[in-house]
Each structure stands twice: as C-alpha cells, then as structure tokens.
Amino acid sequence: MTEVPIAEGLFTFPAAEPQLIGSRCTECGIITFPAQGSCPRCASTAMEEHLLARRGRLWAWTTQDFPPPSPPYAGPTGKEFVPFAVGYVELPGEVKVETRLTETDPAALEIGMEMELALVPFRTNDDGDGVVTFAFAPVA
C-alpha cells in the first residue's frame with residue numbers, strides 16, 4: 001500500500017524525521033502554522049517557509065469521543081470510529097499547534113509533558129492509499 005499525506009505542504013513527507021511546515025513573516029517575525037501567504041499580525045505578504053521544531057510541551061488537551069462533523073472530517077465513522085485525544089503542543093519560541101495526540105489514556109497525559117511529532121495512519125482513500133496525518137506523542 002502506498003502512503004500519502006493528508007494534505008500537501010503540511011509536513012515534510014516522506015521523511016525519517018518529519019517536520020511541520022509553517023511560515024515566518026520576514027517583517028515582524030511571527031511564526032504561523034499551517035503556512036500562510038500573509039501575516040496575521042502585520043498583514044505583510046513577506047512570508048517564508050519555516051520548518052517547525054519536532055518537540056514541544058503539551059499545553060492543553062481533551063478527548064474526542066464521537067466522530068466530528070463531516071465535512072471537514074473525513075475519517076472513520078460508525079463502528080470504525082475510535083476515540084482520540086487532541087490538544088495544543090507549544091513549540092518553544094514558535095507557535096502552539098492544534099494536533100491529534102497518539103496517547104488516548106487520560107491518565108498518561110499531563111500538561112507540560114514533552115511531546116514529539118509523529119506521522120500516524122488516518123484512513124484509506126478511494127485509491128486504496130494509506131493516508132497519514134501528523135500527531136504528537138509523549139516522549140518516553
């Protein structure tokens with residue numbers, strides 16, 4: 001089975017150590033994710049690609065116990081749906097990223113714990129390809 005990213009330009013793929021692709025404003029320095037064509041702070045269009053740090057700290061989290069509305073959600077529903085954790089991971093000096101978490105046990109998640117970027121299976125597309133997305137995993 002071929003693997004494909006959930007969206008082009010969201011993370012480096014394929015890569016042994018993937019990174020999220022953000023943008024940095026060359027005028028005011030703000031970093032955004034996902035990448036943007038204009039700055040949300042100063043409205044400049046002088047944005048450049050910025051590869052984000054792979055590690056950060058869990059800032060907040062919750063669990064998703066039912067399938068989100070579709071669209072935009074395109075993952076498993078019904079009996080195939082598996083609850084998952086979502087949260088914000090703060091990448092030091094960069095940005096907070098809204099993300100899936102690989103850990104779903106609430107007892108194993110703690111605000112401030114170190115997290116690392118991972119690519120995880122999401123679904124199978126109509127062509128039979130495995131679609132992968134990004135998530136953050138606790139650092140052991």
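Four salt bridges turn up in a search of the whole structure, which is a predicted model.

Select arginine 24 and glutamate 48 to see one of these: their side chains meet at 2.9 Å, N to O. Arginine 24 belongs to strand β2 and glutamate 48 to strand β4, so the bridge ties together parts 24 residues apart in sequence. Arginine 24 is partly exposed at 26% relative accessible area, and glutamate 48 is partly exposed at 36%.

The open sheet here has three strands in the order β3-β2-β4, paired antiparallel. β3 (31–32) and β4 (47–51) are the edges; each has a single partner strand, so one side of each has no neighbour in the sheet. Between β2 (residues 21–25) and β4 there are five bridges. Cysteine 25 can be picked opposite methionine 47 in β4.

Next, select Arg54, Arg55, Glu114 and Glu116, which a network of salt bridges links. The contact between arginine 54 and glutamate 116 is 3.2 Å, N to O. Arginine 54 sits in the loop between β4 and β5 (55–64), and glutamate 116 in strand β8 (residues 114–124), 62 residues apart. Arginine 55 also forms a salt bridge with glutamate 116, with the closest N and O atoms 3.6 Å apart. Because arginine 55 lies in β5 and glutamate 116 in β8, this pair joins parts 61 residues apart in sequence. Arginine 54 counts as buried at 17% relative accessibility, while arginine 55 is partly exposed at 36%. Glutamate 116 is partly exposed at 25%.

Finish at threonine 133 in strand β9 (residues 130–138). Threonine 133 is buried, with a relative accessible area of 9%. Its contacts include Ile6, Phe11, Arg100 and Phe122.

Note on methods. Residues are numbered from 1 along each chain as its sequence is written. This is a predicted model: local features need pLDDT of at least 70, side-chain atom pairs count only at pLDDT 80 or more; totals for chains, interfaces and linings use all residues. Side-chain values use heavy atoms; hydrogens and water are left out. Helices (H or I, at least four residues) and strands (E, at least two) are DSSP runs, numbered from the N terminus. Buried means under 20% relative accessible area, exposed over 50%, partly exposed in between (1.4 Å probe, protein chains only). Contact means heavy atoms within 4.5 Å. Two strands pair if DSSP finds at least two bridges between them. Lists of a residue's contacts leave out its neighbours within four places in sequence.
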